[in-house]
Amino acid sequence: MVRRDEILDTASRLFALSGLRTSLQDIADACGIQPGSLYHHFDSKESIVIELLRRYHAELDRVAERARDQLKDLDPRQADRQIIRLGTDLAECAVRNSAAVQFTFYEPPAGASEDLARLAGRPPAAAEAAVLDTLRTARSGGVVRDGTDLEMLTSRLIHTMLHVALGLFDRYPAVRPVAGRLGAIMLHGVAAVPPSDGELDRSAALAAVDEVIRTWEVPGVSANGDRAELIRQAARAEFGRRGYEVTTVRDIAGAAGVSTGSVYRTIGSKEELLGTIMDAFSRKVVAGWSAALGSGATPVEKLDALVWLQINVLEQFNDEYKTQLAWMRQSPPDANTPGQPIPMVIRQVRSLLAEGSRDGQIRVDSPSAELTARCVIELSWMPERIIRDSGTRPALVHARDTLIRGVAA
């Protein structure tokens, strides 16, 4: 059992770094054993992935059970502390199981077993119930504002805390400060004086972003016989659905209804396909950022407009958006990603927060401007599920509540 756990821990670390391109030989080498010894415990790479997913779901369920027990003796007026505590527990669970969390964000590779597909797609039902009960207790104690959509807030909080294991927070080995800062922003917002929806709707920054959005071409339109465009459309969908690393040219060719040779002759390599798709995506996003930041609006209004931009990007360019996030999860945290460079985004948000802090419009209570900027970026990315189920306008209002105004009463 000790050797089995060692293999699982090593595989989890390697999968978190390199995704499913990690081989059994890589895992055996990292464990200092022969591949034959590894096969004594696991008969395939998929069986390791399945066990990692089972371990993750079991730990997530234990976090939920502990949270439900803690509610029994909780003073509802102190529920804000319990929200932070539960969010931190979720984030720490996600970091300990970062590879398994990563597997739940994408469809399993072609040919995956029913067990793998079921575990990868299993919703965190126990965690959702525990968070929802905690938020209801908070509202009954006057901690969370009346009228807050608690189901939407539950989805937002869980998604955000699980995301701590992926991408933006690699440089922070201590999870507690990250989860605490995210929870504090969701509760209290960053605006010193919370603005109304009407005030934000009239901002010059939002109008500037709307103007850029109107120039976007609708993705997924018919290729009209253009083979190159047909292949690009298929590649967009496959990269977004499977993740770039595990998508093959054969997958793209099959989705486009052409031969693999036709893909190579028409477009070139998979890397060239990614570059073509993400360059066009990046130009659209950067145009929106430039419009918001150059609008002459207040820092809070600019931040709100950037959230609206991200919501529309995720709705209209979902595949490119997910491809970029997948790249972040499998690359060093400051590496240039396809699409909008993350280090540049962090610098721009830090500058925006500093400007708002100097003007007294934005509260930056954390001593780390870098961490606050990364938390604000994370909270500006609305979960896909919320946009899909509720629509773009309700998603914007919810983002204002959980980033700008806060949900605390």
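**Questions on a predicted model**

Biologist: In which helix does Val-212 lie?

Modeller: Residues are numbered from 1 along each chain as its sequence is written, and side-chain values use heavy atoms, with hydrogens and water left out. This is a predicted model, in which local features need pLDDT of at least 70 and side-chain atom pairs count only at pLDDT 80 or more, while totals for chains, interfaces and linings use all residues. Helices are DSSP runs (H or I, at least four residues) numbered from the N terminus. The run of residues 204–214 contains Val-212 and is helix 12.

Biologist: Is Val-212 buried or exposed?

Modeller: Buried means under 20% relative accessible area, exposed over 50%, and partly exposed in between (1.4 Å probe, protein chains only). Val-212 has a relative accessible area of 13%, and therefore counts as buried.

Biologist: Which residues does Val-212 touch, not counting those up to four places away in sequence?

Modeller: Contact requires heavy atoms within 4.5 Å. By that criterion, the partners of Val-212 are Lys-284, Ala-287, Gly-288 and Ala-291.

Biologist: With which residues is His-57 in contact, leaving aside neighbours within four places in sequence?

Modeller: His-57 is found in helix 4, residues 45–71. Its relative accessible area is 3%, which means that His-57 is buried. Beyond its sequence neighbours, His-57 is in contact with Leu-119 and Arg-122.

Biologist: How many disulfides does a search of the whole structure find?

Modeller: A disulfide is a covalent bond between the sulfur atoms of two cysteines. Here the criterion is a pair of cysteine sulfur atoms within 2.5 Å. Over the whole structure, the number of disulfides found is zero.

Biologist: How far from Cys-375 is the nearest cysteine sulfur?

Modeller: Cys-375 has 0% relative accessibility and therefore counts as buried. Cys-375 is in no disulfide, and the nearest cysteine sulfur, that of Cys-93, lies at a distance of 19 Å.

Key: Helix = DSSP H or I, 4+ residues; strand = E, 2+ residues; numbered from the N terminus.
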